[in-house]
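Hi everyone, thanks for making time this morning. I'd like to walk you through one model, so please have a look at it on the screen before I start.

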Amino acid sequence: MNNPSQRRRLAALALGAVGVVYGDIGTSPLYTLKEVFGEHGVPVTPANVLGALSLVFWSLIIVVSIKYVLFIMRADNNGEGGIMALLALAQRSARDVPYLRMGLIVLGLFGAALFYGDGVITPAISVLSAVEGLKVAAPGLEPWVLPITVGVIIGLLWLQKHGTHRIGAVFGPVCVIWFISIAGLGVLGIARHPEVLRALSPTYGIDFFLRNHAEAFFALGAVVLAVTGTEALYADMGHFGRRPIQLAWFNFVLPALVLNYFGQGALILHDPAAVANPFYHLVPRFMLYPMIALATTATVVASQAVISGAFSMTREAMQLGYMPRMRVVHTSSEMAGQIYVPWINRILLILIVAAVLGFRSSDNLGAAYGIAVTGTMVTTTLLALVVARYQWRWRLPAVIATGTALLTVDVAFFSANLVKVEHGGWFPLALGLCVFAVMTTWRRGRELVVREIQQGGVALAPFIRNLADHPLVRVPGTAVFLTANAEAIPSSLLHNLKDNKVLHERNVLLTVETLDTPRAEPPERLEWTALGQGFTRLRLRFGFSEDPDIPLRLAQCGHHGLPFDMMDTTFFLSRETVVAGRHAHGMAAWRDRLFAFMAHNALSATAFFRIPGNRRIELGSEVEI
């Protein structure tokens, strides 16, 4: 890349990636080694310290560098990443293999559900770990740790409505200062005991297992904390691109992390008592309070990335039909990806504060953290292998070899965390199961509603032919009828005929479809067919990361030979009231009631599709599922 402007742009994107993408993994040194040697960890011996450091280092190399940065990030869905984008890509890749489809959906949704658990625990453990530095600086301040943590979290969630662009400008610089600081602290520790660098050899990790046996396996549940935040590498690929994220990792973030972990290890070799909080004990006494402030700011940045990811995934899930419609607020006029979902923000606030007050320390939260992370890691690997086999056309032996190598590590981490279920691991699992139940119930409920509407519908073609022999009174203007079944008469049209006994001069039967790509390409955004007798069938297609703005898209139809005058257009919608029934092919009663509750509280279609309130008529109907 010889162009200076391109190099500057690449450097700017890499700086942004440091702030947004690596905030989570960058704050892992606050608690990782503390958990490895903590209450449920291995004994503090020189051999164990070197072995744990070796496991941390090679986890960063294998899981982050090889798996995510070099392999997973190749699976981009038109430049977008994240588990919902990967699910859509995997489904499209295996479209010719029907038996895989349902398994992929279940797998992807469960991984997405666990990501919400990660979105709750990451802010809780990160901010709490940073504020716990007060116990090292001044033990008398320990009673203030929880109130300060809760205050920081409330402030962080309150700021979301103002948009990440206001605090985004400091993300990169704050994290650059953070990584330089932790690297410098690591160098100080290593300089005192340079023999700690022997842990770069994998033989120390192997020896760790040979000596500790079952305890070494359980220690993996804490080692995995060093690679938390890896999903952000993939999820934020659409914001920065693959190349800037890779450059930031290999040239800046990875060296800083390795230096700090080894500096902490050197300190523990010198003073085993420092294992109580090796990160803050590594900090010179006069720098403790500034470092606590910097760490708290860095954890806010790390939490912001996960919270923003939850907002983005919620919008994608809504578009793909796995979540009820919710209000989405755009907080930036320049960046389409900067959004705020009030409902999700309120739920996250309640759950994060509950996690802090319930677990009360980062040590307790550490037991809950790993399951959500490792479960999502396993899911991502499996989906990526499907893409490698069916889209990249890898040979089966190559897929098996790659999958065996990656899944051996992923499953080892996941299994090591399963033993923590009774110590707090139940929390992300319970959250994940609740979200999974919501997503699958909404998807199945919408299928049942569409089925009932289609079964009760009147065929469109005979109706249009009958108009030639039995013309109806026409009124000027255009009527747009939203319908999920393009082959039947919309119930809103039937109600309008029944009540008003008239038709508009032009009637458009509009169906909105969501594609399995992030953005719809210009040729596929709309398709229209003239049906005769003043009727037109129109399909509008949106990508799963786009906002379905119907008036804006209709205004663009004039370029395709279908002009709309919005001041002369009326939108007719059918608002279904869902009631639980006893259909043989329906859902369990509790799922029927859950779906009915979500449908009742979902954002109306008119607001979701941005249809002006003075240009719409809603006609109600009752649907039993």
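Predicted model: local features only at pLDDT ≥ 70, side-chain atom pairs only at ≥ 80, totals over all residues.

On confidence, the protein chain averages a pLDDT of 85, and 94% of the residues score at least 70. Among the elements of the chain, helix α4 has the highest mean pLDDT, 94, while the lowest, 55, belongs to helix α9, residues 164-168.

Now to the patch itself. Ile62, Ile66, Leu70 and Phe250 make a nonpolar surface patch of about 330 Å². Which helix gives the most to this nonpolar patch? That is α4, residues 46-71, with three residues. Phe250 is found in helix α15, which spans residues 242-270.

In general, side chains of opposite charge can pair when their charged atoms come close. In this model the count comes to 12 salt bridges. One of them joins Lys67 to Asp410, with the closest N and O atoms 2.8 Å apart. Lys67 lies in helix α4 and Asp410 in helix α20, residues 396-418, so this pair ties together parts that are 343 residues apart in sequence. Are these two residues buried or exposed? Both Lys67 and Asp410 are buried.

Arg211 forms a salt bridge with Asp207, and their closest N and O atoms are 2.6 Å apart. These two are separated by about one helical turn, because they are four residues apart in helix α11, residues 202-212. Arg211 is partly exposed at 33% relative accessibility, and Asp207 is partly exposed too, with a relative accessible area of 31%.

The other pair is in helix α21, residues 426-455. There, the side chains of Glu447 and Arg444 meet in a salt bridge at 3.4 Å, N to O. Glu447 and Arg444 are three residues apart, so about one helical turn separates them. Glu447 has a relative accessible area of 40%, which counts as partly exposed, and Arg444, at 29%, is partly exposed as well.

Finally, a word on the inside. Rolling a probe the size of a water molecule over the atoms shows where empty space is left. How many cavities of 30 Å³ or more are there? The count comes to one. About 40 Å³ of space lies in the largest cavity, and its lining is formed by Gly189, Arg192, His193, Gly263, Ala266, Leu267, His270 and Leu282. The elements that give two or more residues to this lining are α10, residues 171-192, and α15. With four residues, α15 gives the most to the lining. That brings us back to the helix where Phe250 is found.

That's my tour, and I'm happy to go back to any part of the model.

Terms used. Residues numbered from 1 in each chain as written. Heavy atoms only, no water. Patch = residues over 30% accessible without salt bridge, like charges linked within 9 Å, V, L, I, M, F, W, Y side chains within 5 Å. Areas by Shrake-Rupley, 256 points an atom, 1.4 Å probe, with all protein chains shown as cover. Salt bridge = Lys/Arg side-chain N within 4 Å of Asp/Glu carboxyl O. pLDDT = per-residue confidence, 0-100. 1 Å grid on protein atoms, 1.4 Å probe; cavity = no way out; pocket = protein on both sides within 12 Å on 5 of 7 lines; lining within 4 Å. Points joined across faces, edges and corners; volume = space filled by probe spheres on them. Buried < 20%, exposed > 50% of the residue type's maximum accessible area, 1.4 Å probe, protein only.
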